[in-house]
Amino acid sequence: MKAIYSLILVVALILIAMIGAGAMGMGALFGVIIPYVAVLVFIVGFVVRVVQWGKTPVPFRIPTTCGQARKSLPMFKDKWNRLDNPGTKLGVVGRMFFEVFLFRSLFRNTKVELHQGPHIAYSSSKWLWIFALIFHYTFLVIFLRHMRFFTEPVPEIFVTMDHMDSMFQILSPALYLSSVLILVALGYLLLRRLLVPTVRYISQPADYFPLFLIIGIVISGMLMRYIGAFKTDLMPVKELAMGLVQFSPTVPEGIGTTFFVHLFLVSVLLIYFPFSKLMHLGGVFLSPTRNLPNDSREKHHENPWNYPVKFHSYQSYEDENRAVMVESGLPVEKPLEEKAEEASGDETPDENAEKKE
Amino acid sequence: MVLDKSIKQNKVQILNLWLKKFTDTYPDESARFFKDNPGQFNNPVGYTFRVNMEKMFDELLQDNDHEKMRQYLDGIVRIRAVQGFDPATALGFMPLLRESIWEVCGREIEADKLHEQWLDLIYRMDRLTYLAFDIYMACREQLWKQRSEMFHHRTHKLLERAIAKNAAE
Amino acid sequence: MATPKPDVLYRNISHHPPELDWMDVPLEIKPGRYCYSADAASLEAVGMPNARSWNPTDEDWKLPANWKETFLEGMKDRLQRFRSFKVFMDICVRCGACADKCHFFIGSGDPKNMPVLRAELLRSVYRGEMTKAGQILGRMAGGRELNEKVLKEIWYYYYQCTECRRCSVYCPYGIDQAEITIIGRELLNLLGLQTEWIGKPVANCNRLGNHLGLPPHTFKDNIDFLCDDIEEATGIKPEPTFNKKGADILFITPSGDVFAEPGIFTCMGYLILFHYLQEEYGMDITWSTYASEGGNFGFFTSHEMMKKLNAKMYHEAERLGVKWILGGECGHMWRVLHQYMDTMNGPPEFLEVPVSPITGTRFDHAASTKMIHIVEFVADLIKHKKLPLDKSRNDHLKVTFHDSCNPSRGMGFLEEPRYVINNVCNHFYEMPEGTIKEQTFCCGAGSGLNPGENEELRMMGGLPRANAVKFVRDRKGVNTLANVCAIDRATLSASMEYWVPDVGVCGVHELLANALILPGEDRQTDLRGEPLPGKEDE
């Protein structure tokens, strides 16, 4: 049901764009105003979220250590795991690199299992790692590939990228490898949510919605490129894009409705981004279990809100127990005789008893 | 016996059905995890079930050795005994075997009039159910024993010594 | 002959539940899975709010009138104070990588024991009550309102998490359920929803320094008794000092090892080691009756309570004028000492960077905290050949090692104990990969979940560990499960008894003490009174 709601929502968004930009001809709204708003919301929203997180203190140094500590006794030097249990800032940079670019923790899921019999089985989580990696990297490639619409002349790198992406020369215009791969990856991520009971159980509409939204974006993009009825003339599109980045927006004639659907879905994605789980893009850098070195016994870590807490002092302890301590031969700070006067003035068993949070 | 042979021939089908029915006593999410995750170490419940069910199945159609059966049953029952099921559900996997065999071979039993052999098989399976019940009770009793001894363990040295000390004085 | 179709007979036993959204699944508090609620007296003793007598299985938990406000205000406050909490509430994508990593889920199959869902219990409240989207869209945005059922559910499942951090190892963003549980329990404690097995030890540790609440002389007596036992086993009687001013080193270990089997054998190990070091090298080490609890039950209560109990260590070290502190084998204790103590109550200017008085090794990795782990200390002694060891005395033991969650995932303390074990035992076997080191399975009862009334939960949680032990028992004939944690010693003993009955549990220092050759000793038995290999027939 959650998946269906999300799907309906995405379909509704498509209809809005079709009716608005297509039937009602509100090209300026869908081609200029909404994209501008979307980019603004995305940038401001993203920055605000990250700043909010950044401003929240890290009271304790709590890395999850996934290997032998770097700094321990010299004899374990060759077992030091600099990457999974970094002891220095440099090590943390390494750990974060593998985490952010190669999804190292997800990869850790891969586990060869012992079995009776000859075959070895891998847990399914390896697939999650592979498809997550494919999805994120193809998304990046597609994003960069689109830069050719926003630049004039188009820098060499984007042109090369475009060539490499379409190197197989299937179909005309040549099929982008990234488009195919991202659809496969999205399909896996979606089917996994729908079919694996544990994952279906934990999934929210907020998990399906971005999947359907991105699928919608990819498909609308591909329709414009490959399918006759939806094909869009690229010249006015580039004109519109260049106008947007040069802050002199125009809405040229001859842009098909499919393009507006595509653009509208992208705008929705941008607006949705800062308010959603997609913010893991920023959050992954700020996770205190990953981005801190494991050196908390070596170097003092300051907690900005550390406040004094009253504890049961040795003196109170001795005052309460002096007689038995003396009797059993435990050393005391004050001899036993003084206890009588002391005790009369200090009846509260625990000075902390009054302290409330 | 004809029936035994037929059951043996349908081993994979019966076992899969049995396992499915068995894991269906769990919520959907964990049922799939227990059933499909092959890991010996990251899915000890499913693994223990699978391995011991197969061994029981084979043993049932061979020697039906009491000690071996006890060992296989123990693996399964020991887990079921701590998972918060009422006794009937905890031990329901034994009738589920009967059910699975019936669903796979029932038509043949009716058609070939193998009722006597079927009855014989049911007796064998029933004995296993009683055995499972014994093991279940032993597990539960052990849990209660562990529970009641827990505090005792934690402090008995202390009490022992205090008593000894008092006696000495 | 009418054979009744079994299908009909047993149809009623199928417990296949209807497919409900997890938010709609009714809460059932099952006996054997929850811990008894804390006595009012336990909470009052340390000034915790809303102390009262209540029962988790009652409909009415006697919550204070403004409970919802208190909880939500507390949550807001912590969202501003802990980046970990804030980020972990915001960025989970529910990929499910953690789902099957929790020992409680693996053992019980209860879907709400999947770490992601345990976190969602609280996250849904965060979304529903504190984010605009959740307030407007409700369930569509994954949010829900905080009501009594939700609160009870959070309580029930947050006391079914041992804060072991295994999920955090696999999470692509490092989301650590331990951190969420710690803060979740802190919120529950604002409403007086403590469990007795945590509450009582907190009160006891605060007043008397140990979790059983033994007065100073009894604590001392008990260690003296252990010295008598050592004399019986070895012919040598250690004479430890207590609260000795001017000693070089203060030793602190979880008090459980002083009272309970099999921890006492580990404690005897410490006593033998210290005796040897004192006789041979003049090392001056003292025990404290005041700071006599290394384990910090405050850690399972709130950050403030953790600090309050931990403060006694430095306080006592300063009073006694020792140079540095040595800590015994313990799991959560070491998480607190390694990752929290220096920040909360340090740095202790009055202490020195730990230097082994025997080998001269300077423990620079504890330069700020000034507290080192006894296994580090001993590994260094062994490396410098300062301990005469007869490994063959442990030849009757085939040993495997259980990595405790906190030393492995909170310190990276993996090789040190293995080094010591390999130097005191001839037969050491690792459990399979994926169940040891940073991927180790919890004993099933850390973080205060070891009371006994939740026996079934402990056994289910202990199954993955026991299953790996069973594997090495069957393949290698392992009969001893060594570890460096007091809770492990208590919990795994019960867990082994149930799952793998012929495997015993011991601390690393029990093995060390068995192997350590004392001048003038007369040993026929190990510390448990079992005859040593080769001495069986004498």
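## A helix across the sheet of chain C

Helix α14 (residues 263-281) of chain C lies across β2 (249-252), β3 (285-287) and β4 of chain C. Its direction makes an angle of about 150 degrees with β3(C). Axes are lines fitted to C-alpha atoms, for helices over the stretch in contact (heavy atoms within 4.5 Å). Angles run from 0 to 180 degrees between N-to-C directions. Helices (H or I, at least four residues) and strands (E, at least two) are DSSP runs, numbered from the N terminus.

This is a predicted model: local features need pLDDT of at least 70, side-chain atom pairs count only at pLDDT 80 or more, and totals for chains, interfaces and linings use all residues. Residues are numbered from 1 along each chain as its sequence is written, chains are lettered from A and ligands numbered from 1 in written order, and side-chain values use heavy atoms, without hydrogens and water.

Five strands of chain C form an open, parallel sheet, ordered β1-β3-β2-β4-β5. Strands pair if DSSP finds at least two bridges between them. β1 (241-242) and β5 (371-373) of chain C each have a single partner strand, so one side of each lacks a neighbour in the sheet.

Strand β4 (residues 324-327) of chain C pairs with β5(C) over three bridges, in the parallel sense. Here Ile325(C) stands opposite Met371(C). Helix α16 (residues 332-345) of chain C lies across β2, β4 and β5 of chain C, at about 145 degrees to β5(C).

## Chain B

Chain B has eight helices and zero strands.
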